[in-house]
Amino acid sequence: MTDIAYWDQSYREAIEDVDRILAEMEGLDTEEASQKLKAAKTKMKVVKKKKTSFQMELRQLHDDTQRTTYGERKQDYEGRTENLEKTIKNLETNLENAELLGGASDGGQVRMDNDSYLAKTHQIQDQTEASLQNTIEMMENANEVADETISELDRQKQQINEITEQLLTMEDNIKYADQLIRDFSKRMMTDKCIQIFAMMNMLALVVVIVFAIMQKNGMLENGDDGSVDDQLADGTESARRLLRGASI
């Protein structure tokens, strides 16, 4: 048996197995029918796997006759598989409705009295209310988390604003300190100029004094008292002028 023949037979047998399981569901109660339906759905997964393998082998065929033959079978199998899927879906819906109404008797006939209907309805309402309550609680929890997140974001925003203000204040302080340093430098330069002028005045005074002393000593050696007095007077007057010039 070739590979294509093997997968053809496996594919066909899997489809027939699903047909057989669905046929056995007739006349069963809701619980047994549900079990058969689960088995049919499980078998349908096998059918899909067989289908994939069969298609892969079909693509590798080189003989045109075989490709035509198995291609027709492929279309037939796909049609049967699609019908089975629809049947399973319809049966699943019918079983859900039967379970909702409280079960079914032989042949799928629903047998429930009014009290059973009311009890089942109340049960469904209770389940719905419980589900809604859970949803409401989840939404409230989500709202609380959102509020906490918003509060945390506001707090972080406030911290960022405070840090920004502190940085701006530090920047202003740095600018002010820089200005103070510049002013201090200027004052230092001014003080140096004053010191230089004071030293120049002191040097001028020392020069005048030394000059006067030298002039006085020179006149004493010559022995001319009158000339000495005149020269001292001239020296004193010259010193005063130099002092005034230095002060100006």
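Mentor: Happy to; let's go from the whole chain to a few single residues. Keep in mind that this is a predicted model.

Trainee: Okay, let's look at helices. How do α1 and α2 pack?

Mentor: Helix α1 covers residues 3-24 and helix α2 covers residues 30-59; they pack at an angle of about 160°, and their axes are 9 Å apart. Angles over 145 degrees count as roughly antiparallel, so α1 is roughly antiparallel to α2.

Trainee: Is that crossing left-handed or right-handed?

Mentor: The crossing of α1 and α2 is left-handed.

Trainee: What kinds of residues make up that contact?

Mentor: Between α1 and α2 you'll find 14 nonpolar, two polar and nine charged residues.

Trainee: Switching topic: where does UniProt put coiled-coil regions?

Mentor: The unreviewed UniProt entry lists "coiled-coil region" at residues 11-50, 74-101 and 136-173.

Trainee: What does the model show over residues 11-50?

Mentor: That stretch is 88% helix and 0% strand, with its end C-alpha atoms 5 Å apart. Residues 136-173, on the other hand, are 100% helix and 0% strand, and there the end C-alpha atoms are 55 Å apart.

Trainee: Which residues does UniProt list as a transmembrane region?

Mentor: Residues 196-214 carry that label, again from an unreviewed entry. In the model this stretch is 100% helix and 0% strand, and 27 Å separates the end C-alpha atoms.

Trainee: Now some single residues. Where does Thr-81 lie?

Mentor: Thr-81 is in helix α3, which spans residues 64-101.

Trainee: Buried or exposed?

Mentor: Buried, because its relative accessibility is 6% and the cut-off for buried is under 20%.

Trainee: What does Thr-81 touch?

Mentor: Leaving out residues up to four places away in sequence, Thr-81 touches Tyr-11, Ile-15, Met-44 and Val-47.

Trainee: And which helix holds Gln-55?

Mentor: Gln-55 lies in helix α2. Gln-55 has a relative accessible area of 17%, so this residue is buried too.

Trainee: What are the contacts of Gln-55?

Mentor: Setting aside neighbours within four places in sequence, Gln-55 is in contact with Lys-74 and Glu-78.

Conventions:
Residues numbered from 1 in each chain as written. Predicted model: local features only at pLDDT ≥ 70, side-chain atom pairs only at ≥ 80, totals over all residues. Heavy atoms only, no water. Helix = DSSP H or I, 4+ residues; strand = E, 2+ residues; numbered from the N terminus. Buried < 20%, exposed > 50% of the residue type's maximum accessible area, 1.4 Å probe, protein only. Contact = heavy atoms within 4.5 Å. Axes fitted to C-alpha atoms, helices over the stretch in contact; angles between N-to-C directions. Parallel < 35°, antiparallel > 145°, perpendicular 65-115°, else oblique. Left-handed = near helix turned anticlockwise from the far one by under 90°. Nonpolar A, V, L, I, M, F, W, Y, C, P; charged D, E, K, R; others polar. UniProt positions renumbered as here; feature names shortened; annotations may be inferred.
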